[in-house]
Amino acid sequence: MNVALPHWMTGDGAGGDAGPAARLVDLSHPLSESVPIYPGDPEPRIFSATTVARDGYNLSHVHIGTQTGTHIDAPFHFRDHGATVDRMPLALTVGPGVVVRVPGKRPFEEITLADLEPHRDRLGPGRIVLFATGWYENAGSERFFEHPFLAADVGRALLDAGVLT
């Protein structure tokens with residue numbers, strides 16, 4: 001019996017179609033042993049545990065810290081009794097996006113309410129805000145960890161507007 005498999009099962013690289021009402025954007029970066037990690041975090045280790053040729057199936061061994069690569073800072077990251085990522089609704093990660101471009105920020109510089117102000121009319125319940133700093137260009141250098149950060153009042157303004165993430 002021949003069964004037509006979806007592209008994501010065959011690995012042919014074909015993209016899906018979210019339809020005319022939505023465009024989904026994958027914000028993740030590839031996971032590898034060379035992904036930048038915060039100093040002191042576990043070093044990522046990724047290797048083949050089994051192969052099709054030898055074992056009849058492929059299986060990778062992946063050893064990473066929970067803050068390695070593209071990730072979500074679950075409340076548990078900063079609170080002993082906070083929710084872990086497996087207890088957070090997946091819906092928090094999908095929604096209409098608002099890109100706030102803040103290029104040219106210096107190391108450890110705040111992203112301020114003034115940076116957010118031109119975008120305030122597009123914020124609201126269910127929105128996801130993406131701060132485009134361009135800082136990923138520093139990946140692989142010590143400067144990568146000196147990134148700009150949100151001022152506390154920006155975080156409060158986003159929560160007050162009903163922004164998801």
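A: The cover over the buried residues of helix H4 includes strand E4 (110–111), helix H3 (113–116), strand E5 (128–132) and strand E6 (149–150). Contact here means heavy atoms within 4.5 Å. Helices (H or I, at least four residues) and strands (E, at least two) are DSSP runs, numbered from the N terminus. This is a predicted model, with local features needing pLDDT of at least 70, side-chain atom pairs pLDDT 80 or more, and totals for chains, interfaces and linings using all residues. Residues are numbered from 1 along each chain as its sequence is written, and side-chain values use heavy atoms, without hydrogens and water.

H4 spans residues 152–160, and its buried residues are Val-154, Ala-157 and Leu-158. Down the axis of H4, these buried residues fall within an arc of 100°, so they line one face of the helix. The arc is taken from the directions from the helix axis to the C-beta atoms. An α-helix has 3.6 residues a turn, so residues three or four places apart point the same way.

Now the other face. Turned away from the buried side of H4 are the exposed residues Ala-152, Leu-159 and Asp-160. Buried is under 20% relative accessible area, exposed over 50%, partly exposed in between (1.4 Å probe, protein chains only).

After H4 comes Gly-162, with a positive phi near 85°.

The loop between strand E3 (97–101) and E4 holds Phe-108. Phe-108 is not a glycine, yet its phi is positive, about 60°. Most residues other than glycine have a negative phi. Phe-108 counts as exposed because its relative accessibility is 53%.
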